[in-house]
Amino acid sequence: MIRGLCGVVLLLLSGIGAAQAPFPYALQWKHFTRTPATALAWGDSLVYAGEGEGLVSALRQQDGTQVWQRRGYGPLRRPLVLAGGQVLVADAWGRVEVLAASAGAPLWSAQRQGWGEAGAAVEAGRCFLGSADGWLYALSAADGVEAWRLYTGASLPSRPWASQGQLYTAARSGQLLQVDLVSGTRLGQADTQSPVVAGPVGAEDRLVVGCADGYVRAFRRQSLASIWQQRLGAPLQAEPVWVQDRLVCLAGNGWIYGLDLSRGEVKWRFALEAKGSGPLAIGPAGEVLVATDQGEILALEPRSGRLLWRQQVLARGGLYLLAAGPWLYAGAADGYLYAFRLQQPIPPNQVAAWENWQEVFARGAKTGYKYQMLRSDRFQETTGWHFLEEEVSWAGGFVRRHFELWTDLGYRPLAFVEQRREESQLLEVVGAWEGDQVRLEQHLDGRTVQRQVTTETGAVLAEVALLKLVRENRTQVGRHDSLRIFDPSSETTGTLYVDFEAGEGEAAFLARLGSEPGGGDVLCWLDAQGRQVHRQVPLVGGEEVRVSAAQACAWGMPGPDKGVWLDYPVPAPAKIERLVLELPSHLLGLLVVQDERQQVVEGMDGRLRLAVQRLEDRHRDAARLPILAPGLEPFLQPSLYVQSDDPRIRELAAELRGQERDAWQVVLRLQRWVYDRMTPTETAVRFKSTAEILAEMEGTCSEYTVLFLSLCRAAGIPARACAGLVASPSGMLIPHLWAEVYVGYWASVDPTWDEVEVDAVHIQFSAGDLAPQTVGRLNSPVGLFLAFADTLKLGEYFTGETRFLGEAEGLFVQAGAGPPGRGSPVFLPTPDAGGGAGSPGALLSGAGGRATGGRQRGRGAAEAAGGQTSRSRTGRRSPGATGRTGRTGGRLRPGPALLPAPRRGVQPFGLGPGGPLGPGALWPPGGGRSACRQVSVATHTGSHGDQERRMAH
């Protein structure tokens with residue numbers, strides 16, 4: 001009795017207490033698959049991913065670049081089958097298709113009679129497929145011609161298994177069948193006593209199946225005679241795997257079992273502490289890899305069940321694993337396919353003067369790594385320095401940046417090349433100096449834009465600014481210094497101010513860097529050679545720490561995105577005519593654009609309030625085409641992203657414009673075309689160009705806006721992008737991009753949400769022409785707002801039918817009549833006319849501002865005025881939400897306490913045109929433009945409610 005109890009204890013404690021090794025893999029790339037990649041295969045230099053929405057993609061193993069993609073399948077949940085240079089795809093709708101593995105061209109297709117998930121196998125030139133209708137199919141792998149079919153009488157969901165001229169399959173009825181491969185003749189069968197849920201799997205001379213009654217059963221391969229059966233805690237969740245002399249089984253109760261193959265005895269078991277997810281995989285050293293539905297991967301030694309290592313990949317959600325040599329692929333619940341590779345020793349660069357590896361963190365969570373190298377070199381006829389920087393960021397999406405700079409011995413720039421790869425998009429910028437002139441070339445998707453920029457003699461690039469000060473012995477403790485810096489991204493020159501203090505440990509000194517004297521926006525600890533030891537950007541919680549190469553490349557799970565919420569939900573955002581928010585600091589007030597649509601008011605209590613309203617219908621006096629007003633040239637010209645000179649865009653704009661010359665009517669036609677033709681789909685690319693969008697006609701707000709801007713400019717209508725936040729029904733503020741068009745005045749248009757003169761939950765922070773050199777200025781105010789804001793107090797909103805007052809809701813909660821926080825808001829009846837103490841805008845009356853009330857037009861009145869209601873579409877706002885409506889009420893008239901409105905693009909902390917890095921960039925001296933990426937936010941959320949994809953760039 002005691003001996004048996006000790007055995008149970010040993011089983012329970014297997015793998016506990018032993019030292020765990022670190023995660024041996026490093027992330028090589030991530031590819032956005034929208035839905036989890038549940039059907040994976042690997043071969044040669046490509047990895048193949050099938051997903052639940054019916055897409056199959058072939059990706060280059062080395063860097064994840066998409067080679068081809070096929071659409072139109074039903075859900076893909078069973079592994080793809082790769083054999084003989086072909087990929088076999090079998091979906092849940094009964095469709096079977098064989099593709100050329102290298103190019104994705106369809107070779108043949110067939111249709112099974114029944115729908116439902118079923119596995120497939122390829123053997124001896126034939127494809128064998130189970131089905132939900134009870135038929136077992138044998139098709140020629142060359143042309144799909146049916147060789148034979150066998151009726152089994154029950155569904156065949158499992159993958160057939162073939163060996164030595166025989167095929168084995170298991171049916172839901174509890175039958176294990178043995179079939180001749182050539183003729184389809186039934187050779188034998190065995191009763192499994194319960195429906196088969198996993199297998200058959202061949203192991204030595206045995207066949208193993210997992211059954212619905214929780215038993216694992218083994219049979220002789222030739223005779224199908226029963227050998228043993230072992231009851232586990234629950235039915236198997238995936239096919240068992242045979243490793244050495246162990247059969248490793250994943251059960252649905254969250255336990256993994258190691259069975260002796262000869263007798264079926266349980267040799268060990270291990271508790272996952274969560275439910276398993278996806279198939280088991282075998283690592284390169286024979287270790288068993290298992291994933292959980294809580295986003296974790298574990299590695300177990302197969303003979304003992306000892307835990308070797310465990311790694312959290314996602315905060316939550318399942319993973320689907322595929323191990324292939326040194327590679328480990330994980331289709332994840334967050335919609336990405338992760339590609340890990342076993343870490344290999346990185347030999348030092350023997351010709352480098354020095355190297356530097358750093359881990360990169362954001363708010364304490366690792367988001368990537370950076371490598372820097374400096375060596376002496378010659379560029380053309382000049383002896384000088386060659387600086388290289390490789391940077392990888394895996395927060396949100398996956399971005400790899402490669403930067404090389406050649407300078408003279410005084411670090412004066414001679415030439416540079418910068419490549420930024422994001423998914424399959426490669427943006428390359430090349431620059432060369434000729435005196436004080438810089439010739440810049442931007443390359444994207446086969447398009448090249450050339451520019452000539454004048455810079456200052458002696459201005460250096462930020463990446464080598466501190467190296468210059470170290471070389472010139474300008475790093476004495478207590479010294480205050482400055483340098484002129486040229487930033488190729490914004491094509492501007494600014495001043496970097498540096499204060500030196502004593503360092504500690506490896507750091508010889510601390511440099512405080514800023515765009516103003518004594519600013520200290522960035523703290524950088526350097527060693528005697530000028531290499532970065534530690535770097536902090538307190539403003540946004542960014543940090544870089546020098547470590548070994550292996551530690552720098554090691555995977556670390558990014559932290560959750562920082563969200564900003566209203567303290568109450570807004571159930572119908574598209575209907576809101578007026579919105580008032582309380583801003584917790586004056587900094588946030590400076591970030592917001594102030595114009596006719598939105599104003600910041602400081603009350604007598606010292607608090608700032610932001611008031612946003614939907615503007616009244618004002619388009620009867622719109623300008624007529626062509627529009628030739630001065631100063632609008634940047635908003636009519638094509639750019640690297642907004643390719644309004646593309647022949648397809650020009651032809652389409654001319655067709656949609658027709659003979660119409662009223663600019664506003666043309667805008668409506670263009671906006672309607674974009675909304676009707678585009679498909680709302682998340683992407684992993686910050687900004688796609690017009691040509692890239694036309695290739696797929698899908699995307700988020702970025703793609704909708706870029707396409708709309710291109711059409712407007714091609715039609716002769718000045719158009720620019722607006723960056724800001726929008727409120728979702730839950731009260732979350734989501735980064736968003738929309739447009740403004742000039743039709744004699746600037747008018748807002750949101751092609752993603754089918755709105756013209758956008759609603760009051762569109763909070764604008766900036767506007768720009770969407771050229772590469774101005775993207776930072778467009779995005780950085782949104783990033784700063786998200787970094788500093790947390791929960792905003794909702795003062796009031798007004799829909800024309802109802803009015804919400806935050807103060808009234810607070811009193812309601814204090815009285816015990818309702819829950820605090822983001823509960824159900826209190827709505828007050830709307831008077832026919834405003835101006836009283838309870839009217840919209842009354843919260844601003846103490847600040848000298850006032851607003852008039854009004855009544856909402858009905859649907860018929862809105863349509864009569866030229867508007868129409870928006871349609872329900874997947875990923876859009878709530879069905880029935882009013883898109884285009886007539887305008888109601890008066891305009892907010894701020895009193896004398898209104899703060900002075902900042903000029904567009906001018907931001908605090910050196911974030912404007914006069915800032916050191918130019919428009920919209922937080923100064924990142926000594927570390928390149930990484931700080932810009934830490935505060936910039938790409939607005940990839942437009943059409944997906946509460947879902948948001950904020951991606952640093």
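Trainee: Why is Cys524 called buried?
Mentor: Cys524 has a relative accessible area of 1%. Buried means under 20%, exposed means over 50% and partly exposed lies in between, with a 1.4 Å probe and protein chains only, so Cys524 counts as buried. Cys127, at 2%, is buried because that value also falls under the cut-off.

Trainee: How many disulfides does the structure hold?
Mentor: The structure holds zero disulfides, a disulfide being a pair of cysteine sulfur atoms within 2.5 Å.

Trainee: What sort of model is this, and how were the values taken?
Mentor: This is a predicted model, where local features need pLDDT of at least 70 and side-chain atom pairs count only at pLDDT 80 or more, while totals for chains, interfaces and linings use all residues. Residues are numbered from 1 along each chain as its sequence is written, and side-chain values use heavy atoms, with hydrogens and water left out.

Trainee: How many aromatic pairs are there?
Mentor: The count comes to 30. Rings of Phe, Tyr and Trp (its six-membered ring) pair if their centres lie within 6.5 Å; planes under 30 degrees apart are stacked, over 60 edge-to-face, and the rest tilted.

Trainee: Why is the pair of Phe32 and Tyr336 called tilted?
Mentor: Their ring centres are 5.1 Å apart and their planes stand at 50°, so the pair is tilted. Phe32 lies in strand β1 (residues 25–32) and Tyr336 in strand β32 (residues 336–342), so the pair ties together parts that are 304 residues apart in sequence. Strands here are DSSP runs of E, at least two residues long, and helices are runs of H or I with at least four, numbered from the N terminus.

Trainee: Are Phe32 and Tyr336 buried or exposed?
Mentor: Phe32 is buried at 9% relative accessible area, and Tyr336 is buried at 1%.

Trainee: What makes Trp135 and Tyr151 a tilted pair?
Mentor: The centres of Trp135 and Tyr151 are 5.0 Å apart, with 50° between the planes. Trp135 sits in strand β12 (residues 135–140) and Tyr151 in strand β13 (residues 146–151), 16 residues apart. Trp135 has 22% relative accessibility, so it counts as partly exposed, and Tyr151, at 44%, is partly exposed too.

Trainee: Which ring has the charged end of Arg720 over it?
Mentor: That ring belongs to Trp746, and the charged end of Arg720 is 3.7 Å from its centre. A charge sits over a ring if NZ of Lys or CZ of Arg is within 6 Å of the ring centre and within 35 degrees of the ring normal. Arg269 likewise sits over the ring of Trp255, 4.8 Å from its centre.

Trainee: How do you know that β33 and strand β34 are paired?
Mentor: Two strands pair if DSSP finds at least two bridges between them, and nine bridges join β33 to β34 (residues 365–379), which run antiparallel. Glu355 has Met373 in β34 as its bridge partner. In their hairpin, with two residues between the strands, Arg363 takes a positive phi near 50°.

Trainee: How many bridges pair β33 with strand β46?
Mentor: β33 pairs with β46 (residues 542–546) over five bridges, again in the antiparallel sense. Phe361 stands opposite Glu543 in β46. Strand β33 (residues 354–362) is mostly covered, with seven of its nine residues buried.
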